[in-house]
Amino acid sequence: MPEALLQHFRQQRSGREYRQEPVAREHLAGLLAAAALAPSGLNARVVRAHVYTDPAALSAIREATLVFYRMLLRILHVPGTLALLHLTGQTHEQLQLLRAELAELVSDGEDRLFYDAPALLVFTLPRRHPTGEGDAWLASHNAMLYAATIPLATCYNGFLAMAAGKSARVRHALCLPRDERVVAAFTAGYPRLTYRRCPPRPPIPTTWR
Ligand SMILES: Cc1cc2nc3c(=O)[nH]c(=O)nc-3n(C[C@H](O)[C@H](O)[C@H](O)COP(=O)(O)O)c2cc1C
């Protein structure tokens with residue numbers, strides 16, 4: 001059993017190639033059941049989940065998110081902006097990389113935000129609950145680890161989570177109550193690919209005292 005669990009972790013990959021078919025409700029419900037089993041600070045259990053499978057809703061969320069990133073990209077191209085952001089501690093290379101990633105994200109053609117995923121799961125917290133970030137991450141990661149057993153391919157979506165924190169348009173597209181903030185989000189769908197090899201993941205630098 002210990003080795004089986006480690007092997008499950010080793011094989012856990014971000015999946016961005018989805019079959020174009022709806023995810024069965026019972027499978028999504030299974031993910032939420034796994035999320036509900038995660039621990040939470042003070043056992044407060046304040047995490048909420050939102051599941052999006054309606055193609056029109058997914059498309060509206062995607063569009064709103066891309067509007068946000070197109071705007072951010074325009075700002076990053078204003079002369080002097082990179083130098084200013086450099087003062088906040090980001091290296092020039094990091095900022096150039098961000099600019100290149102955003103340019104690719106908003107470019108026409110393929111869906112580089114959701115990869116045409118048939119489902120999106122978003123985990124939120126009440127705005128006035130300052131300490132629950134870990135709760136939301138643990139819940140979403142329980143769901144993600146469980147998803148791989150179905151198997152469903154999943155991929156965290158930091159782009160959406162960040163945009164939801166900054167853009168009222170994105171929150172509106174997500175139909176979120178005003179008092180909720182997004183912590184974690186991931187796309188899900190039945191996989192088109194299976195990964196045979198596990199990527200190298202070096203050990204975490206550790207101190208022992
Ligand atoms: C917090 C977090 C946010 C992420 N956001 C995105 C994202 O917005 N888009 C994306 O394609 N992948 C995203 N990923 C997936 C990472 O790119 C991926 O985990 C990493 O490349 C390693 O690949 P692997 O998960 O297959 O081992 C995110 C991962 C994490 C942990």
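## Sheet, helices and ligand shell

Ala 119 has Ala 188 in E4 as its bridge partner. This is a predicted model, where local features need pLDDT of at least 70, side-chain atom pairs count only at pLDDT 80 or more, and totals for chains, interfaces and linings use all residues. Residues are numbered from 1 along each chain as its sequence is written. Helices (H or I, at least four residues) and strands (E, at least two) are DSSP runs, numbered from the N terminus.

**The sheet.** Strand E2 (residues 119-126) and strand E4 (residues 180-189) run antiparallel, joined by eight bridges. Two strands pair if DSSP finds at least two bridges between them. Strands of a sheet pair through backbone hydrogen bonds, either parallel or antiparallel. Here four strands form an open sheet in the order E1-E2-E4-E3, with antiparallel pairing. Strand E1 (48-52) and strand E3 (153-156) are the edge strands, and each pairs on one side only. From one strand to the next, the twist averages 25°.

**Helices across the sheet.** Two helices lie across strands of this sheet, as tabulated. Contact means C-beta atoms, placed from the backbone, within 7 Å. Axes are lines fitted to C-alpha atoms, for helices over the stretch in contact, and angles run from 0 to 180 degrees between N-to-C directions.

**H3 against H7.** Helix H3 (residues 55-76) packs on H7 at about 80°, with the axes 10 Å apart. That makes H3 roughly perpendicular to H7 (65 to 115 degrees). Thr 65, Phe 68 and Tyr 69 of H3 meet Phe 159, Leu 160, Ala 163 and Lys 166 of H7. By class, this contact has five nonpolar, one polar and one charged residues. Ala, Val, Leu, Ile, Met, Phe, Trp, Tyr, Cys and Pro count as nonpolar, Asp, Glu, Lys and Arg as charged, and the others, Gly among them, as polar.

**The ligand shell.** Around the ligand are Arg 13, Ser 14, Arg 16, Cys 155, Tyr 156, Asn 157, Gly 158, Phe 159 and Pro 199 (C-beta atom, placed from the backbone, within 6 Å). E3 and H7 each supply at least two residues of this shell. Its classes are four nonpolar, three polar and two charged.

**Ala 103.** Helix H5 (residues 92-106) holds Ala 103. Ala 103 is partly exposed because 14 other C-beta atoms lie within 10 Å; 20 or more would be buried, 12 or fewer exposed, with C-beta atoms placed from the backbone. Its C-alpha atom is 7.1 Å from that of Leu 73, 30 residues apart along the chain.

Notes. Angles under 35 degrees count as roughly parallel, over 145 as roughly antiparallel, 65 to 115 as roughly perpendicular and the rest as oblique.
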